[in-house]
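Here is a short briefing for a first look at this structure. Keep the 3D view open as you read.

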Amino acid sequence: MADAALVGFPSVGKSSLIARMSAARPKIADYPFTTLVPNLGMVRAGEYSYVVADVPGLIEARARARAWSPFLRHIERTKVLVHVVDGASVEGRDPLEDILTINKELEAYNPELLKRPQVIAANKMDACFSEDDSNDIIARLKAEFEPKGIKVFPISAVSRQA
């Protein structure tokens with residue numbers, strides 16, 4: 001049972017993030033579906049501690065597949081959803097569209113999941129080619145999600161920037 005679930009597409013840095021946040025040592029590699037089973041990590045922040053689950057990357061229509069439901073059950077047991085996106089679009093993906101797609105898949109599995117608190121970790125921000133790229137991506141994410149109460153945090157799990 002975890003307090004928060006790291007959700008997102010493959011290769012966005014979920015495993016790198018949990019490795020930086022906790023003592024968890026998931027397999028980290030540069031290919032899709034490196035994570036095949038959920039990884040749990042205990043995060044300590046001052047006097048508080050909580051458990052984070054790094055679940056295998058979701059892809060469109062996967063949430064409706066029976067084989068994926070064990071991973072979605074891990075997400076169901078959490079209190080907070082942390083969307084991890086490739087904020088620098090290193091993989092050529094649109095982070096805003098990724099979040100909308102993941103939420104659509106979560107809703108297809110269990111509409112109650114979208115009633116949970118959500119935050120966005122725009123990862124890989126150290127890989128932006130210019131400050132303008134970074135600001136544009138973050139501005140788009142904030143314009144779309146912060147009015148809905150979903151905070152956006154630009155981060156880099158690799159360089160430990162937040």
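Start at one residue, Asn 103, which is found in helix α3, residues 95–109. The model is predicted.

**Asn 103**
- Is Asn 103 buried or exposed? Asn 103 counts as buried because its relative accessible area is 12%, and buried means under 20%.
- Leaving aside residues up to four places away in sequence, Asn 103 touches His 83, Leu 114 and Gln 118.

**The sheet**
- Six strands make up an open sheet. Their order is β2-β3-β1-β4-β5-β6, and the pairing is mixed.
- Which strands sit at the edges? They are β2 (39–45) and β6 (151–154), each of which pairs on one side only.
- From one strand to the next, the twist averages 25°.
- Strand β5, residues 118–123, runs parallel to β6, and four bridges join the two.
- Within β6, Phe 153 is the bridge partner of Ala 121.
- In general, strands of a sheet pair through backbone hydrogen bonds, either parallel or antiparallel.

**Helices on the sheet**
- Helix α1 packs on the sheet and touches β1, β2, β3 (48–54), β4 and β5. The direction of α1 makes about 160° with that of β3.
- Helix α3, which holds Asn 103, also packs on the sheet. There α3 touches β1, β4 and β5. Its direction makes about 145° with that of β4.

**Nonpolar cores**
- How many residues does the largest nonpolar core have? It has 22. Those with the most contacts inside this core are Leu 6, Leu 17, Ile 75, Val 84 and Leu 106.
- At least two residues of this core come from each of β1 (4–7), α1 (14–21), α2 (69–76), β4 (80–86) and α3.
- Strand β1 gives the most to this core: four residues.
- In soluble globular proteins, nonpolar side chains tend to be buried together.

**Aromatic rings**
- How many aromatic pairs does a search of the whole structure find? The search finds zero.
- Phe 9 has a charged residue over its ring face: Arg 93, at 3.9 Å from the ring centre.

Note on methods:
Residues are numbered from 1 along each chain as its sequence is written. This is a predicted model: local features need pLDDT of at least 70, side-chain atom pairs count only at pLDDT 80 or more; totals for chains, interfaces and linings use all residues. Side-chain values use heavy atoms; hydrogens and water are left out. Buried means under 20% relative accessible area, exposed over 50%, partly exposed in between (1.4 Å probe, protein chains only). Contact means heavy atoms within 4.5 Å. Rings of Phe, Tyr and Trp (its six-membered ring) pair if their centres lie within 6.5 Å; planes under 30 degrees apart count as stacked, over 60 as edge-to-face and the rest as tilted. A charge sits over a ring if NZ of Lys or CZ of Arg is within 6 Å of the ring centre and within 35 degrees of the ring normal. A nonpolar core is a set of buried Ala, Val, Leu, Ile, Met, Phe, Trp, Tyr and Cys residues joined through side-chain atoms within 4.5 Å. Two strands pair if DSSP finds at least two bridges between them. Axes are lines fitted to C-alpha atoms, for helices over the stretch in contact, and angles run from 0 to 180 degrees between N-to-C directions.
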